[in-house]
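User: I would like to go through this structure and ask what stands behind the terms used for it. Please set the values against the definitions.

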Amino acid sequence: RLVLDADALNALGAAAAADAAPGVTPIINASGDGLLATAGTGDVLAGLIGARLAQVATAHDGFDAVVQAVAAHGRLTQDWALRWPPTATDLID
């Protein structure tokens, strides 16, 4: 309902991230985990999304860009086993 009310693309995070936009099938991304609850990781996700969106021309491409950014963000936690405890800076490295 949030997507329709706002007529906007939304990336909602939790144990699995949900990406939704008007007129497209929502995407559930389960690649992340509780490590993404570390302070600052949402800021990193916002930067990933912004960087991807800056490279697209259409709204549909924007949805794909957000889906790709959310997936990349979730995959980063797989590398964190080598760096404990994780920090937002670890996402950038």
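Analyst: A nonpolar core is a set of buried Ala, Val, Leu, Ile, Met, Phe, Trp, Tyr and Cys residues joined through side-chain atoms within 4.5 Å. The model here is a predicted one. Its largest nonpolar core has 5 residues: Leu45, Ile49, Val66, Ala69 and Val70.

User: Which elements give two or more residues to this core?

Analyst: They are α2 and α3, the latter covering residues 59-75. The most comes from α3, which gives 3 residues.

User: Why is Leu45 called buried?

Analyst: The cut-off for buried is under 20% relative accessible area. Leu45 has 19% relative accessibility, and therefore counts as buried. Leu45 is part of helix α2.

User: What is Leu45 in contact with, leaving aside neighbours within four places in sequence?

Analyst: Contact requires heavy atoms within 4.5 Å. On that basis Leu45 touches Ala69, Val70 and His73. For Ile49, with neighbours within four places again left out, the contacts are Ala11, Val66 and Ala69.

User: How many residues along the chain separate Leu45 and Gly74, and what is the distance between their C-alpha atoms?

Analyst: Leu45 and Gly74 are 29 residues apart along the chain, and their C-alpha atoms are separated by 9.3 Å. As for the protein chain, residues 24 or more positions apart account for 50% of its contacts with a separation of 6 or more.

User: How do you know that the length of helix α2 agrees with its number of residues?

Analyst: The expected span is 1.5 Å times one less than the number of residues. Helix α2, residues 41-53, has 13 residues and so should span 18 Å. Its end C-alpha atoms are 18 Å apart, which agrees.

User: Which residues of α2 are buried, and why are they said to line one face of the helix?

Analyst: Thr41, Val44, Leu45 and Ile49 are the buried residues of α2. Seen down the axis of α2, the buried residues fall within an arc of 135°, so they line one face of the helix. An α-helix has 3.6 residues a turn, so residues three or four places apart point the same way.

User: Where in the protein chain is confidence highest, and where is it lowest?

Analyst: The mean pLDDT is highest in α2, at 87, and lowest in helix α1 (residues 2-6), at 63. For the protein chain the mean is 75, with 63% of residues at 70 or more. Where pLDDT is low, the predicted coordinates should not be read in detail.

Notes. Residues are numbered from 1 along each chain as its sequence is written. This is a predicted model: local features need pLDDT of at least 70, side-chain atom pairs count only at pLDDT 80 or more; totals for chains, interfaces and linings use all residues. Side-chain values use heavy atoms; hydrogens and water are left out. Helices (H or I, at least four residues) and strands (E, at least two) are DSSP runs, numbered from the N terminus. Buried means under 20% relative accessible area, exposed over 50%, partly exposed in between (1.4 Å probe, protein chains only). The arc is that of the directions from the helix axis to the C-beta atoms. pLDDT is the predictor's confidence in each residue, from 0 to 100.
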